[in-house]
Amino acid sequence: MGDSRPNILWYCTDQQRFDTIGALGNPFVRTPALDRLVGKGVAFTHAYCQSPVCTPSRSSFLTGLYPSRLHNTRNGNESFPADAPPLVTKLLADSGYECGLVGKFHLQSAGHRPEPRIDDGYSFWKFSHAPRDGWPEGHDYADWIRGRGGDLDKLRLSEDHVPPELHQTSWASEMAIEFITKPRQRPWLLSVNIYDPHPPFIPPRVYAERFDPVAMPGPHFRESDLAQQEKLKAIDFQGKVKRPEERDARTIQALYYAMIAQIDDQFARTVDVLEETGQWENTVVVFTTDHGEMLGDHGLLEKGCRFYEGLVRVPLLFTWPGRITPGLRSNALVELLDIAPTLLEMAGLPVPDYVQGRSLLPILTGEASPDHHRDFVRCEYFDALDPDLSRKVSGPLGHVYAANIDRPDSVSFPDGVGTFATMYRDRRYKLVIYHGHGLGELYDLEEDPWEHNNLWDDPGHRSIKNRLVFAAFDAHVLLTTDVGSRRIAPM
């Protein structure tokens, strides 16, 4: 008799905000496939990534550890830590799962090379990092395009951009379908990691034409944001603060939503194959991303060392027919590192003692309240600026200055190798500390959900700030150090 444990389809986009799903309250996007997933499964509406940039976030959710505990905190790490514990995919593979990867991996630098393999558990490997030309052999999507006579750079720069049939998102579906339809007698896990809606914002023209910039709501912005970002100008970020009209933010928003519409169409193709092949009933589907996108909020675009909701709060959806509660929306505070122990429990495997994530299975099955999972969530940025996005040169007195390459609106970072910052968010308040800069942010998310009123220097909130600073320091020491992490369970 074959192994009856569930298959796992883990679909991960890149840089998708939490507020980009129609069924969860956004009337401007078009996500019918994701809306169906919300109706059939569980949606976590307050899920947070553990870093606002790719590599540390992905390392975290694949191991169940905070990036600083894993010692993989930089977006441009040249290697993955040799002493790191096994990825959840390796644990599943060792237990009998056939594991496959399609698309991005990014646990180490892949800026100008195919990413080196580690002992990741994947026996099916179809790699694609940034969907552009100029890659050596080993970038499967670029090779696929060349095999069809395509020129990615010409297509990307053309008026219509890359057509849907040649797009990386569509290629990922083709590879996923190839894997899902293979005959086998054991369960499988497939990681589908597409590049969109990561910048540049260049969806196929046929998708872009479906979204009118004039009809877009625009970013969450107030004039006071300019002064706040001026205070933070020495803190790492990929771009400079601008008013929405200075960067045509509604057009960018429309293009971003167009990219998500294409994702939704291709995600639907993959799920449809599960149903057509009779695998839907015994397949766990997870839909998430690595981190969000500022999209003009607070005058910022893309990502970097900030912890606003649009950048660190992310979509997290689960389905498992007949096993988890359909149509449930949980507002519990959860973290992406909770995915790893959840998948292990779904597969009937023990969760290793070192894992800092907490399984979501009790909420998914209705055994625990959907209103509480953690007392707080954390996010980190530890000198995470990707060297491929910055040039570092020696400055006066031996300091190092970082200046973004090919970014005319970039800023300099005159305080050493980069910024270190942490975020601590409980049910009501969010505290951010930019370590070594004497700067911080404090927001009352009940009164100010889009974080325009920084209470850090407000005398009326001094006691709350002091309490949260103390709690955040405790959390960092006890959850991210070798000894401390064994002393308490993450809450």
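Buried here means under 20% relative accessible area, with exposed over 50% and partly exposed in between, using a 1.4 Å probe and protein chains only. Helices (H or I, at least four residues) and strands (E, at least two) are DSSP runs, numbered from the N terminus.

This is a predicted model, in which local features need pLDDT of at least 70 and side-chain atom pairs count only at pLDDT 80 or more, while totals for chains, interfaces and linings use all residues. Residues are numbered from 1 along each chain as its sequence is written, and side-chain values use heavy atoms, leaving out hydrogens and water.

What does strand 7 pair with? Strand 1, residues 7-13, runs parallel to strand 7 and is joined to it by 7 bridges; Ile-8 stands opposite Val-284. Strand 9, residues 317-319, is antiparallel to strand 7, with 3 bridges, and Val-285 stands opposite Thr-319. Pairing requires that DSSP find at least two bridges between two strands.

Now the cysteines. There are 0 disulfides in the structure, a disulfide being a pair of cysteine sulfur atoms within 2.5 Å. For Cys-99 the nearest cysteine sulfur, that of Cys-12, is 16 Å away; Cys-99 is buried at 1% relative accessible area.
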